[in-house]
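Thanks, everyone. Let me put the model on the screen and walk through its contacts.

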Amino acid sequence: MIAEATPDERAGILLVDDMEDNLIALEAVLGSLNEPLIRARSGEEAMKALLRQRFALVLLDVRMPGMDGFETAANIKRLDQTKDVPIIFLTGAEDEPGYAFRGYATGAADYLTKPFDPWVLRAKVSVFLDLHRKNQQLERLVSQEAANCGQVHSQLAEVDGLLAADSPDVPEARRRIGQLRQLVDAIRRGA
C-alpha cells in the first residue's frame, strides 16, 4: 500500500520560461495537480531554485535570453544534487528540427512543442510525479531496512559477547535470541 504524500513530501514542479504568458498557461494546465508550481524566468533562476529545494520535474523552455534551455539542462545534469531531476523541454513549433535531438542528448526525459495539448502535458507530468513519489517511498523503505539491519546486528553482537565471556550466560543468551526472533518476525510482517 502506498501512503499519500504528506505536505512536506509534495513534489514541486519547476516551470522555467522567460515569457509571463507561458508561465500563466503552464500554471493553468497544471494547477489541478495540487502540487507546488515554482516559477523561474531564466536558466540562472532555475539553477538557484534547484539548489534550494527538491523538485519532481522541470518544465524547461528551450529559447531564453542568457542561459538557454540546453545550457540550463546541461548544468542541471552536471550537478550531483540535481542530475536525476527529469526535464521536459517545451519549445515553439517553428524551432529547428534538430532541437529535439539536442534536447534528448542534453538529458531531457521528454520534448513537447508549443502549442501543446494540455491533456497530454498534464498526463506526462502526472507520470513523473508518480515516479517521484515511488522513488521517495523506496528511499524510505531502504532507510528503514538499513535501520532494522543495524538493530539486528547490534543485538547479535550483544549475544555474541554473552557467549564469548569466560563464563557464558546461556540463559541470558537464549532470552536475547528469543528477542531477536521476535524482531526478525516483526520486520518480516512489516511492523
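Start with the largest nonpolar core, which has 21 residues. By core I mean buried Ala, Val, Leu, Ile, Met, Phe, Trp, Tyr and Cys residues joined through side-chain atoms within 4.5 Å. Leu14, Val16, Leu50, Val58, Leu60 and Phe89 have the most contacts inside it. Strand 1 (12–16), helix 2 (43–52), strand 3 (55–61), helix 3 and strand 4 each supply at least two of the core residues. Helix 2 gives the largest share, four residues. Helices here are DSSP runs of H or I, at least four residues; strands are runs of E, at least two; both are numbered from the N terminus.

A word on the source. This is a predicted model: local features need pLDDT of at least 70, side-chain atom pairs count only at pLDDT 80 or more, and totals for chains, interfaces and linings use all residues. Numbering runs from 1 along each chain as its sequence is written, and side-chain values use heavy atoms, with hydrogens and water left out.

Next, the rings. How many aromatic pairs does the structure hold? Four. Rings of Phe, Tyr and Trp (its six-membered ring) pair if their centres lie within 6.5 Å; planes under 30 degrees apart are stacked, over 60 edge-to-face, the rest tilted. Phe70 and Tyr99 are edge-to-face, because their planes stand at 80°, with the ring centres 5.3 Å apart. That pair links distant parts of the chain: Phe70 is in helix 3 (residues 69–78), Tyr99 is in helix 4 (residues 98–106), and they are 29 residues apart. Phe70 is buried at 4% relative accessibility. Tyr99 is buried too, at 15%. The cut-offs: buried is under 20% relative accessible area, exposed is over 50%, partly exposed is in between, with a 1.4 Å probe and protein chains only.

Phe89 and Tyr111 make a tilted pair, 6.2 Å centre to centre and 55° between the planes. Phe89 sits in strand 4 (residues 87–92) and Tyr111 in strand 5 (residues 110–114), 22 residues apart. Phe89 is buried at 0%; Tyr111 is buried at 13%. Ring pairs link Phe70, Phe89, Tyr99, Tyr104 and Tyr111 into a cluster.

Now charges. There are eleven salt bridges. The criterion is a side-chain nitrogen of Lys or Arg within 4 Å of a carboxyl oxygen of Asp or Glu. Which residues meet Glu20? Arg39 does, with the closest N and O atoms 2.8 Å apart. Here strand 2 holds Arg39, helix 1 holds Glu20, and the two are 19 residues apart. Arg41 also bridges to Glu20, at 2.6 Å, N to O. Arg41 lies in the loop between strand 2 and helix 2, 21 residues from Glu20. A network of salt bridges links Glu20, Glu27, Arg39 and Arg41.

Last, the backbone. Most residues other than glycine have a negative phi, and most peptide bonds are trans. Two places to check, then. Asn34 has a positive phi of about 55°. Asn34 lies in the loop between helix 1 (20–30) and strand 2 (37–40), and is exposed at 55% relative accessible area. The bond joining Lys114 and Pro115 is cis, with omega about -5°. Pro115 belongs to the loop between strand 5 and helix 5.
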